[in-house]
Amino acid sequence: MTWIARCAAMTLGLLGSAAPAAQMPTAEFSAPQRDYILACAGCHGLHGVSNPHLVPSLQGLAGYFLDLPKGRAYLSRLPNVAFSTLSDEQLAAVLNYMVFEIGAGSAPPGARPYVAAEVGQWRKRPLTEVTLSAYRRQLVETLIRRYRAPAALRGYGTDLP
Amino acid sequence: MSKSPIDQLGERLTRKLAGYSSRRSFLARLGMALSATPVLPLLPVARASAADAPKTDFERYAQTTDPTKCTYWKYCASDGVLCSCCGGGSHTCPPGAEPSPISWIGTCVNPENGRSYVIAYRDCCGKPICSAGKSCFCDGGDRELPTYRSPLNNDIIWCFGKASATYHCSTAALLGLADGARK
């Protein structure tokens with residue numbers, strides 16, 4: 001191959017082992033979806049469903065917490081959320097993905113998306129000084145009794161069948 | 001009206017420039033520069049700067065052909081016995097064992113295209129530990145974090161959420177691309 005032909009082939013991407021790489025799955029994720037998968041999905045499941053007794057289910061449920069200001073804050077004050085290595089912007093985007101896409105149909109009508117400044121403030125006050133299971137239980141009971149949340153929110157923390 | 005010294009200097013320089021250069025030579029040089037531009041990003045300097053991070057020890061020896069070896073590219077953070085040595089596959093459990101619904105998720109670089117992929121490290125559970133050969137016991141640790149960052153730690157037996165928490169072997173399921181995320 002002449003120098004000119006080699007240059008032309010390089011420019012057109014004809015050299016190298018492109019064929020095996022082309023067989024790789026090419027599923028591409030949105031940035032918040034990728035961050036959710038890398039930071040949350042191992043336990044919560046790719047689609048927000050795992051073992052509901054051990055890990056809270058998010059699918060069709062996560063948005064109910066936005067019925068209450070305390071519930072809205074709760075999601076960004078959870079220790080693994082607040083201590084995440086993601087930036088405030090990335091974390092706000094992940095929370096919105098979790099609440100409005102994975103939790104589709106559960107957020108109250110007209111619920112505002114999370115913004116970085118809000119998440120940045122809440123994550124400075126992680127829920128480490130409370131008994132987290134009791135804090136959640138109380139919040140969930142309020143959401144079920146006074147708002148529209150379904151009883152399925154109670155599933156987490158109950159004994160394995 | 002006499003010319004100002006600045007005008008005279010400008011005229012002298014312009015005439016001198018016109019004397020030893022031509023529009024044709026300028027066009028030739030411009031053409032060379034333009035045609036070389038697409039090749040420049042392929043030079044090693046550009047490729048080095050495009051890489052996200054220096055290669056890890058695992059990545060230097062990673063291969064894409066034999067999933068029964070610890071060097072198989074998807075096992076960059078596998079810590080345990082490979083299910084592919086135990087009657088299962090790189091992402092499937094052997095008969096009688098079942099995947100844990102909870103796993104930890106990391107990324108590995110495919111050496112064929114240099115791209116980063118999302119990998120779910122799912123343990124297969126419900127049977128005693130697989131007694132495969134020593135070469136099937138792997139200890140990859142790329143992008144793993146210490147135990148106090150438990151969601152990203154591979155020393156944990158990830159057999160939660162099933163009737164039996166007995167560990168049998170480890171798989172590495174490919175979920176998709178980790179780089180080049182859509183906005």
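Predicted model: local features only at pLDDT ≥ 70, side-chain atom pairs only at ≥ 80, totals over all residues.
I then noted burial: of the 183 residues in chain B, 31% are buried.

**Elements of chain B.** I found four helices and eight strands in chain B. Read from the N terminus on, their order is α-α-α-α-β-β-β-β-β-β-β-β.

**A sheet in chain B.** I followed three strands of chain B, which form an open sheet in the order 2-5-7 with antiparallel pairing. Strand 2 (98-99) and strand 7 (167-170) of chain B are at the edges; each has a single partner strand, so one side of each is left without a neighbour in the sheet. I next turned to the pairing of strand 5 (residues 123-125) with strand 7 of chain B, where three bridges join the two antiparallel strands. In this part of the sheet I located B:Asp123, which stands opposite B:Ser170 in strand 7 of chain B.

**Helix 3 of chain A.** I asked how many of the nine residues of helix 3 (residues 31-39) of chain A are buried. The count is eight, and the helix is mostly covered. I listed the buried residues as A:Pro32, A:Gln33, A:Arg34, A:Asp35, A:Tyr36, A:Ile37, A:Leu38 and A:Ala39.

**What covers the helix.** I then looked up what covers these buried residues of helix 3 of chain A. From chain A, the cover includes helix 4 (41-44) and helix 7 (88-102). From chain B, it includes strand 3 (104-109), strand 4 (116-121) and strand 8 (173-177).

Terms used. Residues numbered from 1 in each chain as written. Chains lettered and ligands numbered in written order. Pairing = 2+ DSSP bridges. Buried ≥ 20, exposed ≤ 12 C-beta atoms within 10 Å, placed from the backbone. Contact = placed C-beta atoms within 7 Å.
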